[in-house]
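Good morning. I will talk about charged side chains and backbone angles, and I will keep to what can be read off the model.

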Amino acid sequence: MCKKEVLVRCESGLHNKQATYFVQKANEFESSIWLESENRKMNAKSLLGIMSLGIVAGTTVTLTAAGTDEEAALDALEQLLQRDIY
């Protein structure tokens with residue numbers, strides 16, 4: 001199991017398109033992946049779960065993954081949280 005704390009830098013936070021791309025990327029991996037913010041933990045492969053966290057720019061979140069491709073999953077998702085998608 002891998003864990004990584006990430007500062008969300010994308011201006012839009014995890015809403016609408018950004019959340020959709022985040023969940024799509026998470027679903028590319030076999031590992032189980034969770035996103036935690038303010039003591040709330042959601043499955044990173046669930047769009048409704050991710051959007052319910054209400055993550056905005058400047059929030060520090062914790063990504064956790066368990067599985068065969070856990071490190072690659074965390075690296076890819078961290079990159080998405082660092083930039084805006086339009």
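A residue is called exposed when its relative accessible area is over 50%, buried when that area is under 20%, and partly exposed in between. The model on the screen is a predicted one.

With that cut-off, take asparagine 16. Its relative accessible area is 55%, so asparagine 16 is exposed. It sits in helix 1, which covers residues 16–26. The phi angle of asparagine 16 is near 45°, a positive value in a residue other than glycine.

There is another asparagine to look at. Asparagine 39 has a positive phi as well, about 65°, and is not a glycine either. Where does asparagine 39 lie? It is in the loop between strand 2, residues 32–37, and strand 3, residues 40–43. Asparagine 39 counts as exposed because its relative accessibility is 76%.

Now the salt bridges. How many salt bridges does the count come to? The count comes to three.

Please find lysine 4. Its side chain meets that of aspartate 75 in a salt bridge, with 2.7 Å from N to O. Lysine 4 belongs to strand 1, residues 2–7, and aspartate 75 to helix 3, residues 70–81, so this pair ties together parts that are 71 residues apart in sequence. On accessibility, lysine 4 is partly exposed at 22%, and aspartate 75 is partly exposed at 37%.

Lysine 4 also forms a salt bridge with the side chain of glutamate 78, at 2.9 Å from N to O. Glutamate 78 is in helix 3 and lysine 4 in strand 1, so here the parts tied together are 74 residues apart in sequence. Glutamate 78 has a relative accessibility of 25% and counts as partly exposed.

The remaining pair to show you is glutamate 28 with lysine 25. Their side chains meet in a salt bridge at 3.2 Å, again N to O. Is glutamate 28 buried or exposed? At 56% relative accessibility it counts as exposed. Lysine 25 has a relative accessible area of 26% and is partly exposed.

Which residues do salt bridges with shared partners join into one network? They are Lys4, Asp75 and Glu78.

To recap, keep two pictures. One is the network of Lys4, Asp75 and Glu78. The other is a pair of asparagines with positive phi: asparagine 16, near 45°, and asparagine 39, about 65°. That is all from me.

How values were computed: Residues numbered from 1 in each chain as written. Predicted model: local features only at pLDDT ≥ 70, side-chain atom pairs only at ≥ 80, totals over all residues. Heavy atoms only, no water. Salt bridge = Lys/Arg side-chain N within 4 Å of Asp/Glu carboxyl O. Helix = DSSP H or I, 4+ residues; strand = E, 2+ residues; numbered from the N terminus. Buried < 20%, exposed > 50% of the residue type's maximum accessible area, 1.4 Å probe, protein only.
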